[in-house]
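This briefing covers one protein chain. The sequence and model are shown first, and the notes follow by topic.

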Amino acid sequence: MASNETPFIVFGYGSLIFKPPPHIIEKVSGFLKGYVRRFAQKSHDHRGTPESPGRVVTLIHKEEWDKYSSADAFPDDDTVWGIAYTIDPAYQAEVRDYLDYREKDGYTLETLDIYNTENGVEKIIIHNNLCYVGRHDNPSFIGSEPLEALAHVIWTSVGPSGPNKEYLYQLADSVRKLSPKSYDSHLFALETRVRELDWGKI
């Protein structure tokens, strides 16, 4: 990479964790501070349909989420684990177009700092990392839903990319593998409830 080229680094916190973009030259696990990951975004194009949208995760600033989180069972969450991908500069435009299309249903690009822990101390490992965020003013944002109602939507929804519950299961499994410290109370509780529906424990 030439010295004057800015690396294209994108943070994955949803399906990008288990279905990464192409042309990756480096990846590193890390976390965001002051944010929550929630199934607060309708999916009309991947895990649901326009008539019966599923639910996928979005990233929301904690202070903003507090305005919409009346039904949130875990209001104190404020850390989001994921993976930062560095893209080969030769394919930057191609990957950007690919991601813009993939995240077209209500997501916009923001720049955020990525953290990790070294010798017990939190530190920024990547400054100004790109991240696709579903802001509250996008038409697909649905806000906070009771866990039971949300679990039922995910359990029943299916879209062009497959069953909504498989998205949930893959994401939960992938987050567990990121780091011995990676955790997400909302994600794991939702996974447990949907698996109970699978097992007939209504």
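Is Asn128 buried or exposed? In this predicted model, Asn128 is exposed, with a relative accessible area of 56%, and the residue is found in strand β7. The chain as a whole has six helices and nine strands. Its radius of gyration is 17 Å, close to the 17 Å that the globule rule gives for 202 residues, so the chain is as compact as a globular protein of that length.

**Overall form and surface**

- The C-alpha trace spans about 55 × 40 × 30 Å along its principal axes.
- Of the 202 residues, 50% count as buried.
- The accessible surface of the chain comes to about 10000 Å², and 50% of that surface belongs to carbon and sulfur atoms.
- Among contacts between residues at least 6 apart in sequence, 75% join residues at least 24 apart.
- The chain carries 22 positive and 30 negative side chains. The centres of these two sets lie 4 Å apart.

**Nonpolar cores**

- The largest nonpolar core has 47 residues. Those with the most contacts inside this core are Tyr13, Leu32, Phe39, Leu59, Leu168, Leu171 and Leu187.
- Helix α5, residues 164–178, gives the most to this core, with seven residues.
- Leaving aside neighbours within four places in sequence, Leu171 is in contact with Tyr13, Gly14, Ile17, Phe18, Arg37, Phe39, Val57 and Leu187.
- Another core, of five residues, lies apart from the largest one. Among its members are Ala40, Ile60, Trp65 and Phe141.

- Most residues other than glycine have a negative phi.
- With a relative accessible area of 29%, His23 is partly exposed, because the partly exposed class runs between the 20% limit for buried and the 50% limit for exposed.

- Asp78 lies in the loop between α2 (62–65) and β5 (79–87).
- At 39% relative accessibility, Asp78 counts as partly exposed.
- Which residues does Asp78 contact, leaving aside its neighbours within four places in sequence? They are Leu32, Lys33, Gly34, Tyr35, Val36 and Lys62.
- Of these, Val36 is 42 residues from Asp78 in sequence, with a C-alpha to C-alpha distance of 5.3 Å.
- Leu32, in contact with Asp78, is also one of the residues with the most contacts inside the largest nonpolar core.

- Not counting residues up to four places away in sequence, Asn128 touches Thr111, Leu112 and Asp113.
- Asn128 and Thr111 are 17 residues apart in sequence and 4.8 Å apart in space, C-alpha to C-alpha.

Methods:
Residues numbered from 1 in each chain as written. Predicted model: local features only at pLDDT ≥ 70, side-chain atom pairs only at ≥ 80, totals over all residues. Heavy atoms only, no water. Helix = DSSP H or I, 4+ residues; strand = E, 2+ residues; numbered from the N terminus. Rg over C-alpha atoms; globule rule 2.2 N^0.38 Å. Buried < 20%, exposed > 50% of the residue type's maximum accessible area, 1.4 Å probe, protein only. Contact = heavy atoms within 4.5 Å. Areas by Shrake-Rupley, 256 points an atom, 1.4 Å probe, with all protein chains shown as cover. Lys, Arg positive; Asp, Glu negative; His and termini not counted. Charge placed at Lys NZ, Arg CZ, Asp CG, Glu CD. Core = buried A, V, L, I, M, F, W, Y, C linked by side-chain atoms within 4.5 Å.
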